[in-house]
Amino acid sequence: MYDKITPPTTGAKITFKNGEPIVPDNPIIPFIQGDGTGIDIWPATVKVLDAAVETAYKGKRKISWFKIYAGDEACDLYGTYQYLPQDTQTAIKEYGVAIKGPLTTPVGGGIRSLNVALRQIFDLYACVRPCRYYAGTPSPHKNPEKLDVIVYRENTEDIYLGIEWRQGNEIGDRLISILNNELIPATPEHGNKRIPLDSGIGIKPISKKGSQRLVRRAIKHALQLPKNKQMVTLVHKGNIMKYTEGAFRDWGYELATTEFRHETITERESWILSNKEKNANISLEENARMIDPGFNALTTDKQAQIVKEVETVLNSIWETHGNGKWKDKIMVNDRIADSIFQQIQTRPDEYSILATMNLNGDYLSDAAAAIVGGLGMGPGANIGDECAIFEATHGTAPKHAGLDKINPGSVILSGVMMLEYLGWQEAADLIKKGLGDAIANSQVTYDLARLLEPPVEPLKCSEFAEAIIKHFS
């Protein structure tokens with residue numbers, strides 16, 4: 001089955017049922033060390049993970065690690081441009097859950113992006129990026145502790161699908177010609193719009209299936225959170241891109257109000273119910289005016305639509321959600337993408353789970369990570385229905401490789417996410433406590449030490465791992 005690697009002789013496979021992992025007590029988990037500083041941060045990470053599992057379960061549970069290869073290390077073993085060998089793909093498919101350090105973006109040949117390739121090969125449609133603050137971490141914000149969000153980023157669609165043509169390409173020029181001369185003129189709402197002939201061109205697909213399976217996973221996650229954090233915000237630019245990002249919002253609401261009808265309330269529905277609770281005799285039109293401040297300026301037809309919306313909500317969910325019962329449901333709302341970038345800084349404690357498309361999620365997760373201490377403290381996971389890969393969210397930093405210097409926090413916290421995904425919460429909680437206590441005691445690597453006031457002597461990468469373990473107890 002394998003050309004150059006050999007699985008462990010002990011351990012068992014993780015399997016999947018209805019999109020959820022079935023985990024033995026001794027799972028075999030493939031790992032990719034990573035390029036550049038992976039040589040430093042992976043040994044630190046595995047030391048922390050193994051110590052947490054041993055401390056929590058006293059030998060009753062244990063991970064059997066299976067080394068596989070990707071990136072530069074794979075090319076050294078398998079040959080030029082073999083950035084993602086078949087051995088690695090086979091192992092991830094067979095064992096279901098993997099973890100990896102940072103990987104180099106290939107130069108000169110092979111795969112455009114290893115991270116994107118892995119997501120697409122294994123249909124890892126949900127990129128999950130928690131951003132929370134650990135006390136003592138230097139931050140450019142006055143109150144970084146107010147931000148505690150989880151970004152659910154759709155991984156397989158949007159412009160990251162990579163369907164594009166460079167300017168001057170024959171196929172791209174032909175597509176522009178068809179659009180300009182046939183398809184745009186046949187669509188009255190586009191008027192006299194034209195695509196410049198010297199354009200590069202890309203395709204932005206957003207599907208109902210892709211949107212709803214992401215929102216489904218986000219809502220299921222919200223069900224596991226404390227009541228005050230049970231909120232899913234659909235982030236989009238639907239005011240401009242109505243049939244892609246606007247559709248993402250609409251499909252998200254559709255899923256929430258059908259498949260999860262008894263567990264969810266939309267923000268707009270909550271306004272309607274709240275108005276009725278405050279005034280039992282409120283008319284449908286009065287209620288409509290209160291939920292839409294621009295009601296008086298709308299056309300008669302539009303006003304009638306909103307009145308009908310109020311009537312439908314009251315008739316369909318008053319019995320199950322009215323009289324304050326909606327306050328115990330998961331709140332589903334939506335925000336325009338550029339607005340949410342501002343609001344996670346000015347009103348961060350109002351948000352919990354942010355579900356969005358590929359490009360928005362890329363920007364948003366990095367912006368949120370910056371608030372709580374940077375990408376060095378940012379974990380990540382890519383999750384599908386039959387596979388999950390946990391990963392560092394930062395680059396390879398090759399100039400620091402082998403110096404035992406870099407912050408391993410991103411991969412360690414990705415390991416925490418992996419443990420939680422396995423259902424090993426006790427081990428995950430030990431690491432979060434140990435890491436938090438180490439940072440609170442200013443036991444940090446150079447990237448954080450140089451920002452502390454007053455400055456402190458930094459720990460090595462390996463020493464930081466040891467400090468985390470010491471703080472388990």
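Which residue lies over the face of Tyr-446? Select Tyr-446 and you will find Lys-405 there, at 4.5 Å from the ring centre. A charge counts as sitting over a ring if NZ of Lys or CZ of Arg is within 6 Å of the ring centre and within 35 degrees of the ring normal.

Before moving on, a word on what is on your screen. This is a predicted model, in which local features need pLDDT of at least 70 and side-chain atom pairs count only at pLDDT 80 or more, while totals for chains, interfaces and linings use all residues. Residues are numbered from 1 along each chain as its sequence is written, and side-chain values use heavy atoms, with hydrogens and water left out.

Next, select Arg-153 and Tyr-160. Here Arg-153 lies over the ring face of Tyr-160, 5.0 Å from the ring centre.

Now for the aromatic pairs, of which the structure holds 8. Rings of Phe, Tyr and Trp (its six-membered ring) pair if their centres lie within 6.5 Å; planes under 30 degrees apart count as stacked, over 60 as edge-to-face and the rest as tilted. Show Phe-31 and Trp-42: this pair is stacked, because the centres are 4.8 Å apart and the planes are at 10 degrees. Phe-31 sits in strand E3 (residues 28–32) and Trp-42 in helix H1 (residues 38–57), so the pair links distant parts of the chain, 11 residues apart. Helices (H or I, at least four residues) and strands (E, at least two) are DSSP runs, numbered from the N terminus.

Trp-65 belongs to strand E4 (residues 64–68) and Trp-42 to H1, so the pair ties together parts that are 23 residues apart in sequence. Are these two residues buried or exposed? Trp-42 counts as buried at 5% relative accessibility, and Trp-65 counts as buried at 17%. Buried means under 20% relative accessible area, exposed over 50%, and partly exposed in between (1.4 Å probe, protein chains only).

For one more aromatic stop, select Tyr-2, Phe-66 and Tyr-95, which form one cluster.

Then go to Gln-230, in the loop between H6 and strand E10 (231–236). Gln-230 is buried, at 8% relative accessibility, and its side chain reaches the backbone oxygen of Ala-222 at 3.4 Å.

Finish at Ile-203, in the loop between strand E9 (201–202) and helix H6 (208–223). Ile-203 is partly exposed, with a relative accessible area of 34%.

Key:
Polar contact = N/O pair within 3.5 Å; in protein donor to acceptor, adjacent residues only side chain to side chain.
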